[in-house]
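Subject: Structure handover

Hello,

Here is the structure we talked about handing over. Please look through it alongside the notes below.

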Amino acid sequence: MAHCGDPFCSDTDNITRSIVDLRTTQFTENGAYTAITVGSDGFPLIAYHDVLDSSLNVASCDDLLCSSSTVTKLDAIGDAGGYPSITVGNDGLPLISFYSEGLEILQLAVCADSKCREGHKASVKVLDDASSDVGRYNYIQIGSDGNPVIMYVDETNGWMKVLHCSTPHCDNGTIVISVIDEIGIEAYGEFPEMQINPLNGLPVLSYFNQTNSTSSNVKIAQCENIQCTSALVQVLGYGHCGYGRDS
């Protein structure tokens with residue numbers, strides 16, 4: 001992890017770098033698909049795919065610079081932890097959406113404590129299996145209603161989907177899944193980003209869209225309701241643009 005000494009990271013000599021997971025092998029580097037947020041204690045939380053164990057891990061830092069941290073394994077079934085996205089619910093508990101490479105499904109891990117260190121107590125649930133390859137390129141936010149909203153790609157059908165839960169942990173309630181953009185089977189929907197519009201409380205999504213082998217664009221989708229059952233989708237730029245996280 002890198003911690004900048006100024007808001008713009010302009011002073012490259014004042015960047016503190018910390019290692020949160022030292023485990024590697026001769027042929028494999030660990031820590032793929034990282035995602036970071038700030039926990040309720042003000043310290044970083046980092047979700048990532050553990051390449052060595054094919055699992056979803058969370059590193060919880062003990063200070064702002066993450067000079068020390070605790071790594072907790074949350075799920076190791078079906079090559080878990082691909083493309084993780086992490087946020088903190090209004091109750092202070094971290095939530096991680098992720099893709100299971102082996103099962104080709106979208107899942108959600110809800111931590112049992114604010115630092116996500118009680119891995120054996122974490123709740124892991126399937127949100128979308130859809131009989132197709134779903135869950136890559138996902139991004140989670142807490143909506144204005146206090147419940148999770150997740151954008152992700154259905155690769156089999158070439159769709160950008162949005163999932164909305166009616167409860168803070170996506171349990172004991174209704175899950176609404178909507179297709180907001182038929183991006184095409186040869187497209188990607190990569191590098192997703194989602195924010196909640198402070199003016200109307202509705203999700204706003206951006207993502208990279210590969211239209212063919214030589215052209216790409218960046219799209220924005222403005223949800224028309226909290227559940228995002230419909231959205232206004234617009235292309236912001238044509239040509240070779242929009243590639244890179246975050247879009």
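The notes below cover a sheet, the nonpolar cores, a group of aromatic residues and one glutamine.

Please keep in mind throughout that this is a predicted model.

Sheet

Four strands form an open sheet in the order β11-β12-β13-β14, and their pairing is antiparallel. The edge positions are taken by β11 (134-142) and β14 (175-181); each has a single partner strand, so one side of each is left without a neighbour in the sheet. On average, neighbouring strands here are turned by 25° against each other, with direction ignored.

Within this sheet, β12 (residues 148-154) and β13 (residues 159-165) run antiparallel and are joined by six bridges.

Strand β17 is mostly covered, as seven of its eight residues are buried.

Nonpolar cores

The largest nonpolar core has 17 residues, and those touching the most other members are M151, M160, V162, I180, M194, L205 and Y207. At least two residues of this core come from each of β11, β12, β13, β16 (203-210) and β17 (216-223). Which strand supplies the largest share of this core? That is β12, with three residues.

Beyond its neighbours within four places in sequence, V162 is in contact with V149, I150, M151, V176, I177, S178, I180, L205, Q227 and C228. Another core, of 15 residues, lies apart from the largest one; among its members are L56, A80, A109 and A122.

Aromatic residues

The count of aromatic pairs comes to four. One of them is Y83 with Y137, an edge-to-face pair at 4.9 Å centre to centre with 65° between the planes. Angles over 60 degrees count as edge-to-face, which is why the pair falls in that class. This pair links distant parts of the chain: Y83 belongs to strand β7 (residues 82-88) and Y137 to strand β11, and the two are 54 residues apart.

Are these two tyrosines buried or exposed? The cut-off for buried is under 20% relative accessible area. Y83 has a relative accessible area of 17% and is therefore buried. Y137 is also buried, because its relative accessible area is 11%. Both belong to one aromatic cluster, formed by Y33, Y83, Y99 and Y137.

Q234

Q234 is found in strand β18 (residues 231-237). Its relative accessible area is 35%, so Q234 counts as partly exposed. Where does Q234 make its contacts? Not counting residues up to four places away in sequence, Q234 touches V218, K219, I220 and Q222. The C-alpha atoms of Q234 and K219 are separated by 5.6 Å, although the residues are 15 apart along the chain. With Q222 there is also a polar contact, side chain to side chain, at 3.1 Å.

Regards

Notes:
Residues numbered from 1 in each chain as written. Predicted model: local features only at pLDDT ≥ 70, side-chain atom pairs only at ≥ 80, totals over all residues. Heavy atoms only, no water. Pairing = 2+ DSSP bridges. Axes fitted to C-alpha atoms, helices over the stretch in contact; angles between N-to-C directions. Phe/Tyr/Trp six-rings, centres within 6.5 Å; stacked < 30°, edge-to-face > 60°. Buried < 20%, exposed > 50% of the residue type's maximum accessible area, 1.4 Å probe, protein only. Contact = heavy atoms within 4.5 Å. Polar contact = N/O pair within 3.5 Å; in protein donor to acceptor, adjacent residues only side chain to side chain. Core = buried A, V, L, I, M, F, W, Y, C linked by side-chain atoms within 4.5 Å.
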